[in-house]
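This report walks through a handful of local features in one protein model. Please look at the sequence and the structure below before reading on.

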Amino acid sequence: MKFVVLTIFPEMFDPFWAHGIIRKAIEDQRILTSAVNIRDYAADRHQVTDDRPYGGGSGMVMKPEPLAGAIRDAVQRAPQAKTVLLSPQGRVFNQAMAQELAALEGLILVCGRYEGVDERIADDLVDYEISIGDFVLTGGELAAMILVDAVTRLIPGVLGGDKAAETDSFADGLLEHAHYTRPRDFEGRGVPEVLLSGHHREIENWRLESSLMRTLLKRSDLLDKKALNRQEVEILNKWYRVIKNLI
Ligand code: 4HQ
């Protein structure tokens, strides 16, 4: 998968490319990354990328010509890639969208600054408008990093041989079960006995129960959307009866 980021602050991405799973994915050539300076596509001597808004008001707007030049050049270099504008007005990013994007050949990520980009860019040169959440950032760069991070770890081979990506929170509509590691006693707090037992079936059952209860207590909105299987309904009924006997 090829990621091309268009930004006026390409240096922000240097440490992002240089660490952890992203770095390893680049080294293993599972992703190809570049951060391109939109300023390089500005025609004037001072390489201006912003201008005052028509109609007046505060703040500046990203000029369309440098952005269009940068996007068209990126599309020419990666003709299969889809173009994404990071914007609070986009579809709110989630794990299902990350999974869809992970199947693409390439992504061109357009990062705006100031009040945003000239509307004609979004209208004519962008395939998807995506938001990382209902809050306002100072620029699209952090949003682009979040998207690249969430998508990269879903690309086959990026996470080790285990099934880590398939057992993630949200992958099956539930939060992940609790995790424990050594020591067996931490400041007087133990570990659920079943996890030390070596009984793999019982451990799997405990993990499903942990997932369901954590989802019910922390994110019950996720259960509204989820199609539950028989085993999951049984577990929820069991705990429903326990709680009903308490009250
Ligand atoms: N932005 N999700 C870029 C965001 C944002 C978000 C605000 C995008 C500023 C110029 N991007 N503009 N939320 O808040 O993606």
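## Local features of the model

Ile 203 is buried, since its relative accessibility is 10%; buried stands for under 20% relative accessible area, exposed for over 50%, and partly exposed for what falls in between, with a 1.4 Å probe and protein chains only. Residue numbers start from 1 along each chain as its sequence is written. The model is predicted, so local features need pLDDT of at least 70 and side-chain atom pairs count only at pLDDT 80 or more, while totals for chains, interfaces and linings use all residues, and side-chain values rest on heavy atoms, with hydrogens and water left out.

Ile 203 belongs to helix H7. Helices (H or I, at least four residues) and strands (E, at least two) are DSSP runs, numbered from the N terminus. Setting aside residues up to four places away in sequence, Ile 203 touches Val 194, Leu 195, Ser 197 and Gly 198, where contact means heavy atoms within 4.5 Å. Phe 135 is 68 residues from Ile 203 along the chain, and the C-alpha atoms of the two are separated by 39 Å.

**Helix H4 and its surroundings**

Two packed helices are described by the angle between their axes and the distance between the axes. Helix H4 (residues 95-102) and helix H6 (residues 141-152) have axes that come within 8 Å and cross at roughly 75°. This makes H4 roughly perpendicular to H6. The axes are lines fitted to C-alpha atoms, for helices over the stretch in contact, and angles run from 0 to 180 degrees between N-to-C directions. Angles under 35 degrees count as roughly parallel, over 145 as roughly antiparallel, 65 to 115 as roughly perpendicular, and the rest as oblique.

On the H4 side the contact is made by Ala 98, Leu 101 and Ala 102, and on the H6 side by Leu 147, Ala 150 and Val 151. Sorted by class, this contact of H4 with H6 has 6 nonpolar, no polar and no charged residues. In this sorting Ala, Val, Leu, Ile, Met, Phe, Trp, Tyr, Cys and Pro count as nonpolar, Asp, Glu, Lys and Arg as charged, and the others, Gly among them, as polar.

Which residues of H4 are buried? They are Gln 95, Met 97, Ala 98, Leu 101 and Ala 102. Because they cover an arc of only 155° around the axis, they are on the same side of H4; the arc is that of the directions from the helix axis to the C-beta atoms. The buried residues of H4 pack against strand S5 (82-92), strand S6 (106-110), strand S7 (128-131) and H6.

At the start of H4, a side-chain oxygen of Asn 94 comes to within 3.1 Å of the backbone nitrogen of Ala 96. Ala 103 is in the loop between H4 and S6, and it is exposed, with a relative accessible area of 67%.

**Two strand residues**

Val 84 is part of strand S5 and counts as buried at 0% relative accessibility.

Ser 131 is in strand S7 and is buried, with a relative accessible area of 2%. Apart from neighbours within four places in sequence, Ser 131 is in contact with Ser 87, Pro 88, Gly 90, Arg 91, Val 92 and Phe 93.

**Loop residues**

| Residue | Phi | Relative accessibility |
|---|---|---|
| Tyr 114 | about 60° | 34%, partly exposed |
| Phe 170 | near 80° | 38%, partly exposed |

Tyr 114 sits in the loop between S6 and helix H5 (119-125), whereas Phe 170 is in the loop between H6 and H7.

Pro 183 is also placed in the loop between H6 and helix H7 (200-218). The peptide bond from Arg 182 to Pro 183 is cis, with omega near 5°.

His 179 lies in the loop between H6 and H7 and counts as exposed at 53% relative accessibility. Its side chain makes a polar contact with the side chain of Glu 176 at 3.2 Å. The side chain of His 179 also reaches the backbone oxygen of His 177 at 3.2 Å. A polar contact is a pair of N or O atoms within 3.5 Å; within protein, one must be able to donate a hydrogen and the other to accept it, and residues adjacent in sequence count only if both atoms are side-chain atoms.
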